[in-house]
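Me: Please go through some of the labels used for this model and say what each rests on.

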Number of protein chains: 2
Amino acid sequence: MTHTQHKKTIKENSRNDDEDPSQIAAMRIIVPLQEVVQGRGGLVLGSIVPCALFYFLQLYLKRNRHPSSPSPPPASSSSDKLHESSTSIPRTLSRSLLSQKTPSGPAPVSSRASNVISKVAGGDSVSIVGYKRWVNDPYHECQNPDGVMQLCLAENHLSLDLVRDWLAQNLEKSLLDEEKVDLGIGGLVTYQRFDGLMDLKIAVAGFMSQVMKGSVSFNPSQIILTSGASSAIEILSFCLGDPGNAFMVPSPYYPGYDKNVKWRSGIELIPVPCRSTDKFNISIAALERAYNQAKNRGVKIRALLLSNPSNPVGNILTREMIYDLLDFATEKNIHLIFDEVFAGSTHGHKEFVSISEVLDEVGLDRSRVHIIYGLSKDLCLPGFRVGVIYSFNENVLAAAVKFARFSSVSVPTQRLLVSMLSDKKFTSEFLETNRMRLRKMYTSVVVGLKKLGVDCYESNGGFYCWVDMSKFLRSYSEKGETEMWDKLLNLAKINVMPGSSCHCIEPGWFRLCFTTLTDKDVPVLLERIRRVIESH
Amino acid sequence: MTHTQHKKTIKENSRNDDEDPSQIAAMRIIVPLQEVVQGRGGLVLGSIVPCALFYFLQLYLKRNRHPSSPSPPPASSSSDKLHESSTSIPRTLSRSLLSQKTPSGPAPVSSRASNVISKVAGGDSVSIVGYKRWVNDPYHECQNPDGVMQLCLAENHLSLDLVRDWLAQNLEKSLLDEEKVDLGIGGLVTYQRFDGLMDLKIAVAGFMSQVMKGSVSFNPSQIILTSGASSAIEILSFCLGDPGNAFMVPSPYYPGYDKNVKWRSGIELIPVPCRSTDKFNISIAALERAYNQAKNRGVKIRALLLSNPSNPVGNILTREMIYDLLDFATEKNIHLIFDEVFAGSTHGHKEFVSISEVLDEVGLDRSRVHIIYGLSKDLCLPGFRVGVIYSFNENVLAAAVKFARFSSVSVPTQRLLVSMLSDKKFTSEFLETNRMRLRKMYTSVVVGLKKLGVDCYESNGGFYCWVDMSKFLRSYSEKGETEMWDKLLNLAKINVMPGSSCHCIEPGWFRLCFTTLTDKDVPVLLERIRRVIESH
């Protein structure tokens with residue numbers, strides 16, 4: 001560690017030297033002089049040189065202290081440029097009160113903002129291209145049978161009917177029953193705790209326990225509620241790292257992590273590649289390698305972020321692997337973030353094990369463990385924007401409570417959810433029915449694809465088929481993959497996510513969300529894919 | 001500007017020199033040598049010195065390149081300390097798979113997190129102390145007539161009945177009417193645009209126009225909806241400034257700005273004091289002074305943030321002052337943020353003028369102007385968490401759309417509000433009735449206080465009386481003010497906000513929120529204040 005730090009210091013300083021023009025200039029003067037004196041140093045030179053030398057030395061030290069080089073450009077210089085080029089409208093000050101001083105150009109935006117905008121300006125990402133195609137031409141069985149099928153957006157429509165039925169029966173009494181809602185209208189519309197109503201925390205803790213099939217209980221006071229799991233991850237990032245720090249994340253990974261972790265908190269994400277030959281399982285050796293590489297670059301790793309069940313692959317961490325990860329994190333003294341938003345959406349034969357269960361067994365320091373949860377996936381309610389931070393670290397909780405002011409859940413939604421999640425009969429039936437429907441639809445798509453000669457990774461949870469189309473690529477490369485993605489979108493009119501968007505290092509994998517399909521859609525989908533394969 | 005930049009560069013560099021131990025060491029060797037050579041430079045010395053000199057020079061350059069000084073401590077060192085001291089529980093690794101490597105101590109949290117926590121650990125702020133007192137012993141006319149009156153929380157209870165009546169009639173059909181809500185249940189619970197439904201943006205634009213009494217119309221596509229005005233301000237901060245930049249804000253100001261601007265975006269807030277002798281109006285001279293002081297410190301000002309109607313004072317910017325501010329911002333090339341969350345809660349004789357009206361008149365570059373709005377104040381719905389960024393800057397809008405993913409409003413709440421805000425009869429009656437009730441309650445409190453010999457600043461908008469109790473202070477100082485605040489809380493059981501919390505530089509001012517009072521509460525309040533005054 002000290003060695004690495006030292007190496008980093010060297011690296012940084014040599015870079016600084018290289019970049020400082022005043023130091024370079026001084027060297028240009030002194031080095032030839034050194035030659036003259038050391039090589040042919042006679043009496044005359046011996047007397048003159050010290051004076052000349054000190055003249056230059058003083059010059060050098062002076063310049064070194066007051067370099068004539070310009071100060072480094074401000075962080076937002078790129079945004080200034082962006083602004084100058086885009087919106088420099090001549091200004092007419094139509095009013096005498098407004099002084100006639102030369103307008104100084106549009107006020108610049110921050111470099112954070114321009115980074116986000118420049119990504120947009122640099123052309124839409126494949127997911128945005130696909131999304132736009134779908135918005136303009138959405139598939140509908142009867143009304144638009146030739147439209148684009150949306151298999152990219154991670155929504156579960158399979159059990160929306162259950163939610164609708166519950167709402168139809170319970171909406172009004174959940175929100176306007178003055179006996180239930182404390183203080184009448186005040187309890188519905190006035191300020192409440194930014195990190196969530198205690199009633200809802202209790203209900204969420206109960207639901208999480210139900211999702212884990214009762215194997216573990218959750219403490220409501222370790223819960224922070226946020227407007228969606230994205231803000232839960234962002235808040236955790238703000239709590240665990242500072243700008244320039246990094247989180248490791250096994251890849252392929254959910255592309256939203258790039259936004260949630262990097263955009264505003266300034267933390268780097270370091271992908272740790274998993275391979276098809278390892279069934280996309282994480283290996284401690286790969287983690288170790290990535291950790292050491294970062295360390296050698298002088299980058300401080302603060303956490304390991306992983307999804308379990310994994311998005312996009314759909315695999316589930318074994319108990320043994322969780323122990324290994326705990327061991328690794330303890331040794332490196334880093335945090336562990338387990339994104340378990342699909343915990344209740346398992347549909348395979350392997351049993352899902354939550355980190356919370358493992359922690360219940362072993363008596364080790366839990367303060368490095370944080371769970372991300374939410375109701376978007378397991379309860380089909382992404383529009384409700386309810387995310388959960390469940391942390392064992394009191395400092396993280398203390399800070400997250402404060403940061404929750406920027407991501408509060410609307411109180412009417414919270415009241416509605418207190419009601420819904422407290423209805424244990426509904427939630428247990430929902431979880432069971434939903435798992436069954438997930439299994440059925442997943443199997444139906446995977447078996448259908450198999451018949452076409454297309455293999456899927458055997459997933460155990462989540463909304464995706466992780467489809468291997470590598471053998472159908474014209475060239476085994478990212479280019480080949482993009483070509484295939486393009487064909488799927490434009491020929492077959494299927495919007496899926498290419499593996500490269502998930503930072504998968506092997507080309508030819510695609511994430512296909514099966515939970516937006518109906519039974520009738522499946523043959524349509526398979527027929528469309530058949531056409532693409534045959535055209536290859 | 002160039003001059004200041006230069007001065008800054010000098011300052012930074014001389015500081016760097018001072019702090020670099022390797023450079024100091026080199027100077028200690030070279031300076032005495034210089035004396036020897038220049039003073040008594042003989043033949044022998046003339047021959048030996050160049051060699052010695054270059055030895056030291058090389059040593060100096062070498063050290064300068066590879067300084068032996070330690071690299072600067074990581075940003076989170078304070079958090080490490082905090083952690084070590086607070087939660088270093090001995091770890092028992094109960095399972096053989098977990099290696100027996102020495103535990104490295106709890107993983108540190110970020111310095112951002114520890115900053116927020118340390119503020120908490122440093123003792124509760126007066127607002128938290130007061131809030132806790134109220135929570136534990138809330139005043140109620142019948143049930144707890146000796147309890148604490150909450151006049152610190154900025155809520156309007158005066159018109160909650162109107163909201164309740166509307167909800168009772170319209171809740172169910174707003175949310176579950178399949179004809180109204182596109183796509184049935186899907187339109188209520190699935191993913192929607194993170195920056196708000198276009199339907200709601202249209203409704204909000206209409207409401208804002210109504211609030212401005214039709215004097216101006218708003219473009220829905222310039223609207224970003226966020227979970228509360230706090231996140232609107234935070235998102236704007238992320239868009240306009242980078243860490244180390246600063247916003248100026250006339251003081252006294254709403255204490256929430258400190259959290260919204262500084263906590264996560266790392267932007268500094270520079271208060272620009274307004275004085276009672278100027279009726280707490282902003283002066284351009286004071287802005288100019290603060291701007292130049294910041295510039296001399298090398299701090300880049302990115303924006304001027306102000307509330308209009310002002311929180312806490314309740315004054316309203318004149319049209320002339322708005323022109324002056326536009327002029328100032330144009331000259332300095334900075335952004336202008338107008339927080340107009342109380343635009344519809346005016347109750348005085350002076351006419352409120354929105355920046356949007358002024359911009360409609362003058363044809364100047366609007367890209368530096370951003371408006372903050374929300375439904376918490378003007379529609380008595382703080383629990384709904386709906387904030388608005390209304391910007392004239394397309395780059396800010398493009399970035400804010402992206403950042404809105406962390407602060408989305410729940411879709412059921414959005415659907416409810418589409419319905420409520422589209423009900424023009426309701427909104428116009430609400431605005432009118434609410435203004436009338438605000439005026440009545442404000443007058444009732446101010447007149448009552450006047451009779452006790454307590455003066456208030458003449459407010460024109462907002463929920464507050466800005467009360468001058470300076471003549472009752474034992475000592476004219478912050479200490480005297482805190483003493484009075486303590487007396488109000490503990491003797492009179494009134495929780496108000498002391499001016500110092502709002503960065504008011506004159507002691508003895510208090511922000512008293514009158515909108516949580518009922519008619520029957522007013523005499524109780526006045527009697528309690530009378531007791532405090534008489535005890536002094």
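This is a predicted model: local features need pLDDT of at least 70, side-chain atom pairs count only at pLDDT 80 or more; totals for chains, interfaces and linings use all residues.

Reply: Residues are numbered from 1 along each chain as its sequence is written, chains are lettered from A in the order in which they are written, and side-chain values use heavy atoms, without hydrogens and water.

Me: Why are α6(A) and α18(A) called roughly parallel?

Reply: Angles under 35 degrees count as roughly parallel. Helix α6 (residues 126-136) of chain A packs with α18(A) at an angle of about 10 degrees, the axes being 11 Å apart, so the two are roughly parallel to each other.

Me: What makes β9 and β12 of chain A edge strands?

Reply: The open sheet has the order β9-β10-β13-β12 (chain A), with antiparallel pairing. Strands pair if DSSP finds at least two bridges between them. β9 (455-456) and β12 (497-498) of chain A each have a single partner strand, so one side of each lacks a neighbour in the sheet.

Me: Why is the pair of A:Phe280 and A:Trp509 called edge-to-face?

Reply: Rings of Phe, Tyr and Trp (its six-membered ring) pair if their centres lie within 6.5 Å; planes over 60 degrees apart count as edge-to-face, under 30 as stacked and the rest as tilted. For A:Phe280 and A:Trp509 the values are 4.8 Å centre to centre and 90 degrees between the planes, hence edge-to-face.

Me: How do you know whether A:Phe280 is buried or exposed?

Reply: Buried means under 20% relative accessible area, exposed over 50%, partly exposed in between (1.4 Å probe, protein chains only). A:Phe280 has 5%, so A:Phe280 is buried.

Terms used. Helices (H or I, at least four residues) and strands (E, at least two) are DSSP runs, numbered from the N terminus. Axes are lines fitted to C-alpha atoms, for helices over the stretch in contact, and angles run from 0 to 180 degrees between N-to-C directions. Angles under 35 degrees count as roughly parallel, over 145 as roughly antiparallel, 65 to 115 as roughly perpendicular and the rest as oblique.
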